[in-house]
Amino acid sequence: MTWAIELKGVSKAFVLRHNPAHNLKVRLIGVFHPRHREQLEEFWALREIDLAVRRGECLGLIGPNGSGKSTLLRIMASIFRPTEGEVVVRGRVAPMIEVGVGFHPDLTGQENIYLSTSLYGLSRRETDAIYRQIVAFSELGEFIDVSVKNYSTGMYVRLGFSIAVHLEPDILLIDEVLAVGDERFQQKCLHRMEEVRRRGTTLILVSHSMQTIERMCDRACLLVRGRLEAEGDPTKVVERYREMLSVGDPLE
Amino acid sequence: MATVIGELLGYRALIRNLVLKDLKLKYRDSVLGLVWSLLNPLLMLVVYTVAFKFILRIETENYAYFLLVGLLPWNFFSSSLVASTHAITGNANLIKKVYFPREALPIATVLFTFSQLVLALAVFLPALVLVSGVRLHWTAVLFVPLLLLHLLFTIGLAFILTTCTVFFRDVAHLTEVAVVLLFWMTPIIYPVTMAPAKLQLFFKLSPLAAFAIAYQDVLFWGRVPEELVASTLLGWTIAALLGGQVLFRRHSPTFAEEV
């Protein structure tokens with residue numbers, strides 16, 4: 001068995017700054033007035049997560065807002081470093097936390113494609129190789145030479161998503177981005193993601209759409225207040241989540 | 001250090017695209033385009049020449065050329081430092097969304113300013129050599145390695161400033177004030193020989209002054225910089241680059257949480 005991602009006892013604490021002292025004035029005042037001193041509070045976004053993702057698996061992450069799904073994704077993507085525990089990631093990871101990461105409104109679609117792919121570590125030649133596919137999938141046609149600021153929301157999303165699904169990473173992390181775009185394009189994206197999966201890409205999907213989770217995923221994880229509450233067959237985990245919601249969890 | 005360089009080489013397309021982005025944004029939709037990049041140094045040259053050559057009467061021949069030799073690299077240095085303070089805090093959206101070696105941001109900022117320096121040099125250096133009729137000595141070839149050394153030194157300082165700005169936003173304002181003060185304390189508009197002997201030694205040990213002195217040596221006076229100046233430059237460049245890189249790497253894993 002080869003693991004794409006292994007998390008062992010991963011916890012993440014954020015420091016919440018009340019009266020944040022990012023400037024010297026506040027620090028100095030704090031020396032004399034304890035009441036104005038920066039107050040630090042620890043907030044544990046994730047607690048003791050043990051999770052291993054098989055290569056080629058599609059894992060769904062569900063849970064209420066603020067349960068730590070996005071934090072978990074960012075830890076897998078090395079954007080955050082865990083406070084405790086160990087993370088092993090094998091292969092190139094492409095996090096898609098937002099569509100159109102790195103897009104600059106004054107640059108054209110073409111220029112933004114090259115900028116965005118290079119953020120994910122692709123060389124110019126690697127981007128050249130997938131450029132036509134990206135443009136074709138995005139259905140932008142001649143608009144590819146127009147500044148992105150003139151795009152409609154739909155066009156923007158199509159381009160951003162098209163880049164993400166053509167990066168061909170070993171591990172693709174997707175956060176909620178499917179909720180955007182029209183119905184037809186959403187279906188197209190789901191098809192494309194299934195295709196990507198068949199080629200052996202490991203997929204990790206955060207979604208509030210239980211339908212997507214049940215359709216796409218081999219396994220699902222339910223996160224509640226930073227803890228792994230349930231894990232296993234997507235249908236069962238989704239059911240468990242629904243039960244929890246119907247009882248009326250205070251977090252929702 | 002070696003791993004950082006290796007990682008950055010893998011992301012060289014990113015650094016290139018970040019610099020290209022800044023260049024495109026600067027020149028697109030502006031009618032005069034490149035001229036704007038030249039106007040600023042041109043005006044500075046004119047004003048300083050009038051003030052120091054004709055009013056204060058500094059007795060240096062070919063004063064405009066002398067001034068240019070130190071002034072253009074200084075402009076690169078100071079605007080790099082000011083811009084680099086925002087390299088991380090100004091790109092929070094990228095840092096929170098995707099992993100890439102964070103060094104790429106300050107490096108791209110400095111390289112963009114460096115491209116402006118190369119442009120200004122390519123226009124003004126030949127022009128002033130022609131107008132003033134100075135004869136370039138063979139030492140002029142040393143200008144290239146000096147520029148590269150200056151580039152590395154500036155990148156090292158950019159690492160330090162951009163890291164400090166993440167934790168203390170004041171550093172950005174402080175830097176803006178500091179570069180103005182440092183300009184007058186650096187022998188750019190006056191030759192170092194005008195300073196009292198004690199101060200001259202200080203100049204030769206300080207990296208900012210040593211760069212100016214070395215530029216004037218190879219391009220204006222036509223001589224190889226003295227050993228003391230050369231070792232100051234080498235020593236400070238290595239210190240800035242190593243120290244900056246270590247500091248940056250120690251803190252860069254937390255940038256996504258702090259910005």
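## A first look at chains A and B

Among contacts in chain B between residues at least 6 apart in sequence, 78% link residues at least 24 apart. Welcome to this predicted model, in which chain B has 12 helices and 0 strands, while chain A has 8 helices and 9 strands. The two chains touch: 26 residues of chain A are in contact with 22 residues of chain B. The notes below go through each chain and then the place where they meet.

**Chain B, the helical chain**

- Along its principal axes, the C-alpha trace of chain B spans about 55 × 45 × 35 Å.
- Of the 259 residues in chain B, 39% are buried.
- Helix H3 of chain B covers residues 35-55, which makes 21 residues; at 1.5 Å a residue they should span 30 Å, and the end C-alpha atoms are 29 Å apart, which agrees.
- After H3(B) comes B:Arg57, with a positive phi near 55°.

**Chain A, overall**

- The C-alpha atoms of chain A fill a box of roughly 60 × 50 × 35 Å along the principal axes.
- Buried residues account for 40% of the 252 residues of chain A.
- For chain A, 72% of the contacts between residues at least 6 apart in sequence join residues at least 24 apart.

**The sheet of 3 strands in chain A**

- This open sheet has the strand order E2-E1-E4 in chain A, and its pairing is antiparallel.
- Strand E2 (39-54) and strand E4 (84-89) of chain A stand at the edges with a single partner strand each, so one side of each has no neighbour in the sheet.
- Neighbouring strands of this sheet are turned against each other by 25° on average, direction ignored.
- Strand E1 (residues 3-18) of chain A pairs with E4(A) in the antiparallel sense over 5 bridges.
- A:Leu7 has A:Val87 in E4(A) as its bridge partner.

**The sheet of 6 strands in chain A**

- This second sheet is also open, with the order E5-E6-E7-E3-E8-E9 in chain A and mixed pairing.
- Its edges are strand E5 (93-96) and strand E9 (227-232) of chain A; each has a single partner strand, so one side of each is left without a neighbour in the sheet.
- From one strand to the next, the twist averages 15°.
- Strand E3 (residues 58-62) and strand E8 (residues 219-224) of chain A pair in the parallel sense over 4 bridges.
- The bridge partner of A:Leu59 in E8(A) is A:Arg219.
- Helix H2 (residues 69-76) of chain A lies across E3, E5, strand E6 (171-175), strand E7 (202-206) and E8 of chain A, and it runs at about 155° to E7(A).
- Helix H8 (residues 234-247) of chain A lies across E3, E8 and E9 of chain A, running at about 25° to E8(A).

**Where the chains meet**

- The contact between the chains involves 26 residues of chain A and 22 residues of chain B.
- Helix H3 (residues 109-119) of chain A supplies the largest share of the side of chain A that touches chain B, with 4 residues.
- On that side of chain A, the residues divide into 14 nonpolar, 8 polar and 4 charged.

Technical notes
Residues are numbered from 1 along each chain as its sequence is written. Chains are lettered from A and ligands numbered from 1 in the order in which they are written. This is a predicted model: local features need pLDDT of at least 70, side-chain atom pairs count only at pLDDT 80 or more; totals for chains, interfaces and linings use all residues. Helices (H or I, at least four residues) and strands (E, at least two) are DSSP runs, numbered from the N terminus. A residue is buried if 20 or more other C-beta atoms lie within 10 Å of its own, exposed if 12 or fewer, and partly exposed in between; C-beta atoms are placed from the backbone. Two residues are in contact if their C-beta atoms, placed from the backbone, lie within 7 Å. Ala, Val, Leu, Ile, Met, Phe, Trp, Tyr, Cys and Pro count as nonpolar, Asp, Glu, Lys and Arg as charged, and the others, Gly among them, as polar. Two strands pair if DSSP finds at least two bridges between them. Axes are lines fitted to C-alpha atoms, for helices over the stretch in contact, and angles run from 0 to 180 degrees between N-to-C directions. The expected span of a helix is 1.5 Å times one less than its number of residues.
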